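Dear colleague,

Please find below the structure that I am handing over to you.

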Amino acid sequence: MSEKVEVGSVITGKVTGIQPYGAFVALDENTQGLVHISEVTHGFVKDINEHLKVGDEVNVKVLSIDEQAGKIGLSIRATEEAPAQVESKPKKPRKRQAAPIKFEDESAQGFNTLKDKLQEWIDQSERDDLIKK
């Protein structure tokens, strides 16, 4: 790998290939790195071909160098100033607070304890007019 390529440096390179996951950029005649699709620009990139094409000259920042694997991680996004507001995913709706329960009349229909209702249910179960035949 080239001696002059260091993590954090900004270099002008040429796009040599495009894949769905990113773009390959030649930094010099012997050195090439990858700009992952998430590092192309600020915001979401659905199709990298809408932003780059083979032959484009781009400024890239070196994010990582893996000497053993021979890989260089690059970013175009890191060389650009972030826009004032980046489009983001829609926010999840807030959970609404439960309405307070108002007890105006205790004789009104609503929750009764089992003990209060048990005898009423027993009486209903014995009535012939309520039993389905």
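This is a predicted model: local features need pLDDT of at least 70, side-chain atom pairs count only at pLDDT 80 or more; totals for chains, interfaces and linings use all residues.

Residues are numbered from 1 along each chain as its sequence is written, and side-chain values use heavy atoms, with hydrogens and water left out.

The strands

Five strands form a closed barrel in the order β1-β2-β3-β5-β4, with mixed pairing. Neighbouring strands of this sheet are turned by 50 degrees against each other on average, direction ignored; the axes behind such angles are lines fitted to C-alpha atoms, for helices over the stretch in contact, and angles run from 0 to 180 degrees between N-to-C directions. Strands here are DSSP runs (E, at least two residues), as helices would be (H or I, at least four), and they are numbered from the N terminus. Two strands count as paired if DSSP finds at least two bridges between them. As background, strands of a sheet pair through backbone hydrogen bonds, either parallel or antiparallel.

Strand β1 (residues 10-19) pairs with strand β2 (residues 22-26) in the antiparallel sense over five bridges, and a hairpin of two residues joins β1 to β2. Val 15 has Val 25 of β2 as its bridge partner, and Gly 17 has Phe 24 of β2. Strand β2 in turn runs antiparallel to β3, with five bridges between them, and a hairpin joins the two through five residues. Here Val 25 stands opposite Gly 33 in β3.

Strand β1 also pairs with β4 in the antiparallel sense, over five bridges; Thr 12 stands opposite Asn 59 in β4. Five bridges join β4 to β5, and these strands run antiparallel, with Ile 65 opposite Ile 72 in β5. In the hairpin of β4 and β5, which has four residues between the strands, Gly 70 takes a positive phi near 70 degrees.

A loop residue

Where does Asp 56 lie? Asp 56 is in the loop between β3 and β4. A polar atom of the Asp 56 side chain lies 2.9 Å from the backbone nitrogen of Lys 53. Asp 56 also touches Gly 13, Lys 14, Val 15 and His 51, not counting residues up to four places away in sequence; contact means heavy atoms within 4.5 Å.

The largest pocket

A pocket is found on a 1 Å grid over the protein atoms alone, as an open set of points where a 1.4 Å probe fits, with protein on both sides within 12 Å along at least five of seven lines; lining residues have an atom within 4 Å of a point. About 160 Å³ of space lies in the largest pocket, where the volume is the space filled by probe spheres set on the points, and points are joined across faces, edges and corners. Its lining includes Phe 24, Gly 33, Ser 64, Gly 70 and Ile 72. The elements that give two or more residues to this lining are β3 (32-36), β4 (57-66) and β5 (71-75). Strand β3 gives the largest share, four residues.

With kind regards

Conventions: A polar contact is a pair of N or O atoms within 3.5 Å; within protein, one must be able to donate a hydrogen and the other to accept it, and residues adjacent in sequence count only if both atoms are side-chain atoms.
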